[in-house]
Amino acid sequence: MAYLDHAATTPILPEAVAASTAQLGLVGNPSSLHADGRRARRVVEEARETLAAAFGARPSEVVFTSSGTEANNLALKGLYWARRAADPRRRRIVASAVEHHAVIDPIQWLVDSEGAEVTWLPVDEVGRVSPDTLRRELARESESIAVVSIMWANNEVGTVQPIHQLVQVAHEYAIPIHTDAVQAAGHLSVNFDEMGADAVSLSGHKFGGPLGVGALLLTRSCSPVPLIHGGGQERDVRSGTLDTPSIAGIAAAAHIAQATRASEASRIAALRDELLVRLLECVPEAIVNGDTRLEIQHRLPGNAHVSFPGCEGDSLLMLLDARGISCSTGSACSAGVAQPSHVLLAMGADPDIARSSLRFSLGHSSTRSDVDALIGEIGPVIERARAAGAAARAGR
Amino acid sequence: MKVLAAVSGGVDSAVAASRMVAAGHDVTAVHLALSSNPQTFRSGARGCCSLEDSRDARRVADVLAIPYYVWDLAERFKEDVVDDFLAEYAAGRTPNPCLRCNEQIKFSAVLDRALALGFDAVCTGHYARIQRSGGKSILMRALDEDKDQSYVLAVLRQEQLQHALFPLGDSLKSDIREEARTLGLLVADKPDSHDICFIPDGDTRNFLKRHLGEHQGDIVDTDGVVLGHHEGSFGYTVGQRKGLGLMEAAPDRAPRYVLSIEPVSNTVTVGPRDQLGITGITGEPVNWCGGASESPFSCRVQVRAHGEAVPAIAAVVGDVVELKLETPQLGVAPGQAAVMYDGERVVGSVTIGNTSKARER
C-alpha cells in the first residue's frame, strides 16, 4: 500500500486529532457571554493566535472558514463586490490560467452573473506567470480592475509562482491581490506580513489539520462583502457559529507544520527526487511536467507530475489503485470523469499527453517504502495501460 | 474471473454486479458517462457527468465493496450513437440507438479497453441468456419474456459474446427488485428507464428538429394527393398513426398510417392500415451471432424491440438476407433490426433496408 496523493489530502497529525477531540465533548458557543462560552472563545482565540503566528499574520487578520474553497470564494466575490460598489468601473478580474477550479469557477460565476470581465494570464511551459505579463495587463486600464488572483503554488504540477514579485506589481497599481496558498501552506515559507498580499487562502487538511476548516488571511484594510450573512462572527465578514474543535485542530496542525517545515520539505523533496529518478529508469519515455528545476523555490517538494505517452491517465490510476497505490490524474469533476487538465493545456501540452498524466504527491507520512511500492508496480501497469490505449485508438 | 461490471445507476446493473461478486469473481464497477445533455448532466469545461446516476452507481459499488470508476465515453457515444441516430433519421430510417450502443460502446469500446486492462469479461444488467457450449457462446432470450433484451443484443458478434456476462437472464424483473432490497441497494425502487437516454424528455421529434432543422414538406396519400404538411420527414416512423396532423379525415373515416418516408423529396406517404402490411424484408449487413446458417432456413423474425417473433423463411445472398414472412406484419420500419430466432436462440440480425408489401407478392 502506498498513499501518493497528499496534494488531495494529507493524513491528520496526531496533535491536531488531540486538539480537536479535546473540544468535541465540551459545551460552549464561542459567542456566548457566560463562562462556557468564554472557555470556548478562549480556545478559538488561542488557535487564531497560533495560526497567525505560523503564517506571519496578526490574529485579527485570520478569518476562519469551512474550507480553502470558501476562502477563495470570499476573497474573489467579496472583493469584487466591494471594489465594484466603491467604483462601478472596477469590473475586471485578472487571474492566471492555471488556477484551481475553486478560483476559476467563482470568477466565471462573476462573469456570467455579476457583470465581471476576466483576463486569464498566460503562463510559460512550466506554468509560471511572469511579473512582466502581469504588469502589462495591469497597465492597461488599471482603473477598471477589481482584483488580481494568482495562486502561490500549483496543485497539479507544483510550480511555485514568483508570488512576492507579483504582489509588488499589483501594489504598484494599487490593486488588491489574492493568492490561493492552499498547496503552498505547510510546504513553503508562507509569511503573510512579509509577502504583502491582501488576501491568502488556506486549507487545514492540506497541512495535517482536519477536513472542513480553512482560513482566509485578510489585511485589516480589506473588507470583502460577506458571502454568508448571519451573526457576524469573524469580523462581520463571515457568519456562522465558530467550529471550536476544527479551529483547535487546524491551529495545532499549522504550528507543527511550521515548526517542522524546513526539515520536512527537504526530506520530502529528496524522496520525490528519488521517485522521479527511479520512475524514469523504469519508464524512460515518461515526461516530467512542470519545472524540472526541482528546488523548493521552483517546485513544491512533494510534487511529481508525469505523463506516460500512449497511456490514459485514468487507466493508469485504476491499475495502480488495484495494486494498492493511490495517486491522481489531476483534476476530476464531481462525478469522477477525468478531463485533460486545463493547467497542462495552458502550459501548451498536447491534449493526448495531458490525458496521459498522473500526479504523485508526497507528504509528512511518506517514506521510501511508498516509492518502492510504486516503482515495483509501475512497469507492468504501463504495459497494460499502453495496450488499452492502443485498443482505444484502434477502435476509432 | 476478473469482471468489469458496467453499472448505470439502475437496479438491473446493480443486481448483476452483485451476483458476480457473490459468485466469487473479482469485480470492478465502471459507470459510463455517455451523454452531454444539459438537462441531466453537468456540462462545460469539465465535460459531462450524469451526476445523479453516477452517484447511485457509486453507492451500489460501496455497498458491494468493489472499486468504482467513471469512464468518459461521451465523445465515442456522440459519434457512434447520437450522430448515427440523426443520420439514420435524416435518411428516412428509424434507428435503434440502444442496439448501436451495445454494438459500438458497451461491447466494443468498453469491452476492448477492459480486455486490454486485464479483465476477462464485461457484465451488464441486460435481460438475455448466453449458453456456452462447444467453445461457442449462444445468445438466447431471457426467462422474463416481458424484459427480454436479446433483440438489442443480437448485433453482438461471437467474440463479443464470448466475453459478455448477463447474470439476470434467468430471472424475473420482480425478483431483481426484491433481491436489490434484500441486499440493501438504494436503487431497489428506482423506476425503469424507458426513454432514449440522450432524449430525457422523450420528445424525439423535437430533438430531431433541434438537430436537423425544420424542413417543410407534404404528407400525401398513395395517389400523391396532399393531405397535410410536416416540418421534417424525419419526425415520422413507418406505422405511425398519432400526430400526423392531417387536414381532413380520409373519406372512409378510417385512421391513416405512415406507409413510407422519402427523405430526398421530403415526402411522407400515408394510407389505410391494410396497406401497412409487409411480408418481404431485405436487410444488411447480417450479423450471425454464432456462425452463418445454411440458406434458406426457417426461423422466427422480430422486427422491433418489443414485438412478437413471427414465422419466416430466410435466404442468404452474400451479405444480404431476404426474409419472407408467413403473415403480413404492420409497421416494419427501415433502420430497425430484424432479428432471427430459432426458438429461444438468436440466430442473427440484419438492419432492415427494404420492405415489400403483402399484395405485391
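Glu234(A) counts as buried, because 22 C-beta neighbours lie inside 10 Å. Buried here means 20 or more other C-beta atoms within 10 Å of the residue's own, exposed means 12 or fewer, and partly exposed is in between, with C-beta atoms placed from the backbone.

A word on the source. This is a predicted model, in which local features need pLDDT of at least 70 and side-chain atom pairs count only at pLDDT 80 or more, while totals for chains, interfaces and linings use all residues. Residues are numbered from 1 along each chain as its sequence is written, and chains are lettered from A and ligands numbered from 1 in the order in which they are written.

Back to chain A. Glu234(A) sits in the loop between strand E8 (214-218) and helix H8 (244-282). Helices (H or I, at least four residues) and strands (E, at least two) are DSSP runs, numbered from the N terminus. Phi of Glu234(A) is positive, near 60°, and the residue is not a glycine. Arg235(A), also not a glycine, has a positive phi of about 60°. Arg235(A) is in the loop between E8 and H8 of chain A.

Most residues other than glycine have a negative phi, and most peptide bonds are trans.

That brings me to chain B. Which bond joins Glu284(B) and Pro285(B)? A cis peptide bond, with omega about -10°. Pro285(B) belongs to strand E14 (residues 278-288) of chain B. Another cis peptide bond links Ser295(B) to Pro296(B), with omega about -10°. Pro296(B) lies in the loop between E14 and strand E15 (297-302) of chain B.
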